[in-house]
There are 2 protein chains.
Amino acid sequence: MTSHGQAAWELLLPAAAAPARRRGRALQEALRDAVRSGRLAPGTRLPSSRALAADLGVSRGLVTEAYEQLTAEGYLRSDRGAGTWVGEAARGRPGGTPARGGAGTPAPGRGTGTPGGSGPATRARAADARGTGHGTHARGGAGPHAGGAGAPRVRVDFRPGTPDLSLFPRSAWSAAQRAVLARLPHPSLGYPDPRGLPELREALAALLTRRRGVVADPERLVVCSGVAQASTLLGFVLRARGHGAIGVEDPGSPEHGRLFSSTGLDTLWLPLDGEGLRPEPLAASGVRAVVVTPSHQFPSGISWSAERRAALLAWARAVDGHVLEDDYDGDFRYDRAPVGALQGLDPERVVYAGSVSKSLAPGLRLGWMLVPGELLAEVVERKRTMDLGNPVLDQAVLAEFVTRGAYDRQLRRCQRAYRERRDALLAALAEHLPGTEVSGIAAGLHVIARVPGRYGPTERFLARAAAAGVVLRPLEEYGTARPGDGDVRLVIGYAHLAPSVVAAGIRAVAAAVGRG
Amino acid sequence: MTSHGQAAWELLLPAAAAPARRRGRALQEALRDAVRSGRLAPGTRLPSSRALAADLGVSRGLVTEAYEQLTAEGYLRSDRGAGTWVGEAARGRPGGTPARGGAGTPAPGRGTGTPGGSGPATRARAADARGTGHGTHARGGAGPHAGGAGAPRVRVDFRPGTPDLSLFPRSAWSAAQRAVLARLPHPSLGYPDPRGLPELREALAALLTRRRGVVADPERLVVCSGVAQASTLLGFVLRARGHGAIGVEDPGSPEHGRLFSSTGLDTLWLPLDGEGLRPEPLAASGVRAVVVTPSHQFPSGISWSAERRAALLAWARAVDGHVLEDDYDGDFRYDRAPVGALQGLDPERVVYAGSVSKSLAPGLRLGWMLVPGELLAEVVERKRTMDLGNPVLDQAVLAEFVTRGAYDRQLRRCQRAYRERRDALLAALAEHLPGTEVSGIAAGLHVIARVPGRYGPTERFLARAAAAGVVLRPLEEYGTARPGDGDVRLVIGYAHLAPSVVAAGIRAVAAAVGRG
């Protein structure tokens, strides 16, 4: 073991002493913090998993898992045969401002104040996705449920981006409301802090640090109405700084374009491949800001590779630019722990945005941003002039809900429900539309299906499905690519549909389109 | 009685048949509607109050009161000796789009669906005012209560614009929350209609029609987070239409300037006199939009005269312009029924904005706009990109609260409390700072006090008060006028202070400044 390995070994000791059920997670957090803080410098070789496991007295599997997770997130790099070392991507906050509850504190102590939070359940993140970005729903005011207002003959709408609203935890939410009205001091009912209620910022910072691997300083957390408002806030700030355009992923969410356009910014499609944004077109674009969905790209469903995460941040530093990370369904992943958010790698370049729209309900209009220090004052002043701040009671209720552990319980509940629906969809596609390739299935609330060309062409496929009462959306609605191979590419949202409805919908489509 | 008088007589019959306790109000509403709808054309002479009272079989006092009220609001004109006739100011909606629940329906039927609403209590409107506009509160994040964060030695802060947060009806609000969570259908928890929840728009339209004399079509009502957001929404829309500046009242709320500035508009102070905006500087200004507070001007406390209301609307039509009516404390008036909102005179030129910030709590961040049809789509799209719409549960709770009659009860409760505090302030000023002239006392949550110069000069007065732990604000903070007569002009907010605290504060000031 090298001397750096020795340092790692010491840093990781408290994590290794954590209770068994959260030891693996504690190990990952301690390792991530050590990289972020610079205590493990870029280039440092890590001991072999076998050696480290022996030193720490933990199972080798835990160490292997930690190495894999942090490699996927871009903190570590590894090469079969050459071992594992600390990557170049991570960039701690400069100047040593200590993150409250964020980086720099040893892992085991974190998040333990949240009851029910850090057990095995923290790994259980439910699955979710979204519509045409944040706004399909709002466009035209169509109801979020299949068979809603509009075309009365629609029986199944595989709209992406809609959670199952019947999963909203009414009684737990009601209990939190009562508790808040009973305890909130009178002055809290006055004009709010535009950044958000302090108790909510504390609760969210702890939650996001624990669940999403971000650097979440409550002083840099701004409560907002959701990712849409986060986009508008950032757009206005960038526009005032002289930006003329912002890059968006292609394929991606058309709603991003509409939101940024309202702030005076043009949007530029930037091509994606199977790993993330392609570096060359990004470098050639001339923009100095992009919005991305690296954890579960919308709509393709890929998780950005570690290399592309690092490349994006290197680009941002080189052009003195900024990245908006839209973590729209980061909490939902079925097969392994979620990939940590990009923001954790460089909190000074990445604006991180998320919301409760997929985990609780879009109607709550509650979300959050983590804002680089350099942008903070401008974002807060924009928030102030936009609405003076979010409603106080809602914020207090969410703080109560998170602190009680009810938010974690809700995520587990959603995860179970959505995984079941995903499985129903995959089974139905395999049975009724054989030959269909499905991707993006590891996470989120939607998948990409590539239906063989013999069922097409796309327009006829969609028209026949619609005639059978099933609404499906082609991938080409979400970007500029037109592969021209004749296959039918679909973005299929399933989370809001009961498993039996999912199956019936796909069966009906198959019957309508025939054997091609 | 002229033939027009005959028409009036027929139109007013249903009102005259209303139950005694709401007959006067019904009469005013019927008369207002008749003018608005054009059934009583501009220039039409009205019968004498004696003749009309005899025809209708009501007391002459009711008719006199109706004539006076509508004259004050600008619908009628009168001249001692020459009688009363229909003015030119009112302009109904063009094209005959019928207002739902607004103009065009006979008065007696209106508002009766709201229990507890239309009795004598509808005349009891509590008093209120605001800070340096909507934003004093938000500026610097100081708490809304005297003795809050900041200077620890402050014992009494006569900050304007702050309601008494201890009056927030926690148990009634909690009951409405429970009712909403028990009944709201699942789809309502999805992405909201950016205009607002239909049931709330219906409830508010009925409420505002009844209480504020506006033309409130639910289809033109946009729920927003308050008057600040209404200003920003309108500012962006006007900027996109090519406006470069907007006029604000001088004296007025500095916050208006900050809000519009965030949308790219310059603000231009326009001088006020004792009746409202002076027409000549307005006409010479070159702006085509202004924001005004005609019901209880902030901060001077005047109610705009009928002539100035008419002149403002004539100007707006001549320049194809728009007026934002900030009805920040329109619900609170002590001595007579509130003067109806300007918007009722011309709903196609006036954007009307109000909120629950003074009646319930600023922390709720709930307000409304009535938007001319021509601007509606742009305002709604701005609202959509700003936050996708207000939180749904809050909207449903307010709808429930209004529909139950709890909102009217809350206004009566506030009115009683604030009148008592106003009286305590007037008594304390008379006793401890004799010679002080007080104006703007008929309504709102603040007054203007002109303290004789022998207690001054202003700077020393304020410094001595502050040294004694009492924070007061000079009128000159709110505009450009510097009378130079040596008197000390103050804007004194009292609503958030118990009567004993009000008295103690003024006593302490008097002791500190001596006899001058």
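**Two copies and their interface**

In this predicted model, chain B can be laid on chain A by a turn of 180° and a shift of 0.0 Å along the axis, with an RMSD of 0.1 Å.

Trainee: How do you know through which surface the copies meet?

Mentor: Of the interface residues of chain B, 100% are also interface residues in chain A, so the copies meet through the same surface. The contact takes 53 residues from chain B and 53 residues from chain A.

Trainee: How much area is buried between the chains?

Mentor: About 4,700 Å², with carbon and sulfur atoms giving 62%. In chain B, the residues losing the most area to chain A are Arg170(B), Leu181(B) and Tyr191(B), together 17% of what that side buries.

Trainee: Why is the pair Glu255(A) and Arg384(B) called a salt bridge?

Mentor: The closest N and O atoms are 3.0 Å apart. The cut-off is 4 Å between a side-chain nitrogen of Lys or Arg and a carboxyl oxygen of Asp or Glu, so the pair counts. Across the interface the rule finds two salt bridges.

Trainee: Which helix gives the largest share of the side of chain B that touches chain A?

Mentor: H5(B), with seven residues. The residues of that side divide into 24 nonpolar, 19 polar and 10 charged.

Trainee: Why is Ala341(B) called buried?

Mentor: Its relative accessible area is 0%. Buried means under 20%, so Ala341(B) qualifies. Ala341(B) lies in the loop between strand E9 (322-326) and strand E10 (350-355) of chain B, and the residues it touches include Arg212(B), Glu325(B) and Tyr352(B).

Key. Residues are numbered from 1 along each chain as its sequence is written. Chains are lettered from A and ligands numbered from 1 in the order in which they are written. This is a predicted model: local features need pLDDT of at least 70, side-chain atom pairs count only at pLDDT 80 or more; totals for chains, interfaces and linings use all residues. Side-chain values use heavy atoms; hydrogens and water are left out. Copies are superposed by least squares on the C-alpha atoms of residues with pLDDT of at least 70 in both. Contact means heavy atoms within 4.5 Å. Helices (H or I, at least four residues) and strands (E, at least two) are DSSP runs, numbered from the N terminus. Buried means under 20% relative accessible area, exposed over 50%, partly exposed in between (1.4 Å probe, protein chains only). Buried area is the accessible area (1.4 Å probe) that two parts lose on being put together, summed over both. Ala, Val, Leu, Ile, Met, Phe, Trp, Tyr, Cys and Pro count as nonpolar, Asp, Glu, Lys and Arg as charged, and the others, Gly among them, as polar. Lists of a residue's contacts leave out its neighbours within four places in sequence.
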